[in-house]
Each structure stands twice: as C-alpha cells, then as structure tokens.
Amino acid sequence: MKHALVIGASGGIGRAVAEELTRRGVAVTTLSRRDDGLDITDPASVAEVMGRQDGPFDLIFVATGILSPDGTGPEKSVSAIEAAIMAEVLAVNAIGPALVVQAALPLLPRDTPSVLAVMSARVGSIGDNKIGGWHSYRASKAALNQIVRGTAIEMGRTHKKAVCVALHPGTVATPFTADYAGRHKTVPPDEAARNLVDVLTGLEPAQSGRFFDYSGAEVPW
Ligand SMILES: NC(=O)c1ccc[n+]([C@@H]2O[C@H](COP(=O)([O-])OP(=O)(O)OC[C@H]3O[C@@H](n4cnc5c(N)ncnc54)[C@H](OP(=O)(O)O)[C@@H]3O)[C@@H](O)[C@H]2O)c1
C-alpha cells in the first residue's frame, strides 16, 4: 500500500487511521468537512472535492458518519422514530457514502490491487440485531452495507484486483460514543486504527463484498 485517501479524516477513527497509515510509510491524503468543505450530503460538494483528487489511490477509507443529529439521541424504540431525523441519518450514513463511493471509483487503479473500505457498524447487521432500538442508525448502516455489497460485485467486473468491504471498528472512544462510553468498554482510536489497518492490509479480492470487524472476523449481514 503506497497511496491512501482518508475521507472523514477530522473524525476520531478517520484521523487515527490516517496517522497509522502514515506511520506505516503510506502517503496519505486526508479530506473532511471541517478542513476541506466536503459535505457528503451535498452531491455538488462530493463531486467538486473528490473530482479534484489526484489518483490512483490503492486505499480509499471512508470514515464519515453520525449516530444521530446533534441534540438528539438514537431511538430507544420504534415509537420514537421521527421522519426528519431518520432522513438526516440516512442522508449522512447511507446516501453520502454512496456518493463518495461513486466518486471514488475513478480514483482506484484498474489493474493493480486496491481496497475501498467503508465504516459501517455491527449494529447495522440485521442478522445480529437482538435488542431493537437505534432504528435510524441501524437502518442507515444496513443500507450502507447493501451499497458496499453491490459496489463490490460491480467492481469485480471492472477492478479485478480490488476489494470493497464494510468494516466494524469496535466500540471506539471518539466524540461519536461520548454519550454511551460509560456503559460500554471502549478502545482508544489509535488501537482501533492499528486493528483496522491490519485487517485492511490482509484483505484479498476473494473477500470483496463482505463485512469484517476490527479483528478480521466476518460479521453477518
Ligand atoms: N466510534 C465507534 O465506536 C464506532 C462504532 C461503530 C461504527 N463507527 C463508525 O465509524 C465512523 C467514524 O466514527 P467516529 O467514531 O470516528 O466518529 P466522529 O469522531 O464523530 O467522526 C465523524 C466524522 O464524520 C464526519 N461527518 C459527519 N457528517 C458529515 C457530513 N455531512 N459530511 C462530511 N463529513 C461528515 C465528521 O466530519 P467533520 O467533523 O469534519 O464535520 C467526522 O470526520 C462512523 O461511520 C461510525 O458510524 C464508530
């Protein structure tokens, strides 16, 4: 791995992954809303910012996402679902990454190995859902997982040495989990990043279109 593009590099996981890649000698280009004006909910912004990147990149890592809009929390039950909030979560966590993936494809090499990895979450797994709640977030990540799967199938035709995967990072101590960390054991972002980069560097094309956690174990869809 020589050149990586990290999208959402202002976030806890995105920043740590960019730093870990740099430590391993990879030349890293970082993009974020805060520093580069890349708003993934705005198709014009995605086209403009992604369009001025100079590929090819042998790793594109998408680390954007929200648990819920500011000032709200994830729903405890179906009765708490609100249309506008669900629409915003889907816009950031599913439609936004879909636009980023679309814009990323021309930046990946066609004939040499590459990885397109998108941060999902285990709670987006339908098969793994045993407790309900968090409807918007879960639905947004399930939708994202389907986009990853479909993209991987299509990339298998055009980018034969590429791998496209969804990843679960573990429960990581970032602003994202600040309100929930007390109840869950968390890992620091640098440890999560080491784990994720280890997984990324070990992926083979036969694993494309699948969902893996930070230890490399497969997560059910
Ligand atoms: N932390 C965990 O335990 C955990 C567990 C499972 C999955 N994940 C997933 O991992 C990913 C990263 O999480 P994190 O913990 O690093 O969260 P974080 O520290 O809150 O970072 C979130 C990132 O998303 C970006 N972002 C949000 N809305 C955006 C938008 N409209 N356009 C562009 N960028 C946007 C933020 O950009 P700006 O700050 O520049 O606005 C920031 O870079 C998310 O997809 C999350 O679902 C995290």
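**Exercise 1. Which helices each supply at least two residues of the shell around the ligand?**

Before starting, note that this is a predicted model, in which local features need pLDDT of at least 70, side-chain atom pairs count only at pLDDT 80 or more, and totals for chains, interfaces and linings use all residues. Residues are numbered from 1 along each chain as its sequence is written, and side-chain values use heavy atoms, with hydrogens and water left out.

Solution. Begin with the shell itself: 29 residues surround the ligand, the closest being Ser10, Arg34, Thr64, Tyr137 and Thr174, where a residue is near if one of its heavy atoms lies within 4 Å. Next, assign secondary structure, taking helices as DSSP runs of H or I with at least four residues and strands as runs of E with at least two, numbered from the N terminus. The helices asked for are α1 (12–23), α2 (33–36) and α5 (135–158).

**Exercise 2. Describe the largest nonpolar core.**

Solution. A nonpolar core is a set of buried Ala, Val, Leu, Ile, Met, Phe, Trp, Tyr and Cys residues joined through side-chain atoms within 4.5 Å; buried means under 20% relative accessible area, exposed over 50%, and partly exposed in between, with a 1.4 Å probe and protein chains only. Among the 29 members of the largest core, Leu5, Ile7, Met50, Ile60 and Leu116 touch the most other members. The largest share of this core, five residues, comes from α4.

**Exercise 3. Is Glu20 buried or exposed, and what does Glu20 touch?**

Solution. Glu20 is found in helix α1, and Glu20 counts as buried because its relative accessibility is 6%. Leaving out residues up to four places away in sequence, Glu20 touches Ala193, Arg194 and Val197, contact meaning heavy atoms within 4.5 Å. The side chains of Glu20 and Arg23 are joined by a polar contact of 3.2 Å.

Definitions and conventions
Polar contact = N/O pair within 3.5 Å; in protein donor to acceptor, adjacent residues only side chain to side chain.
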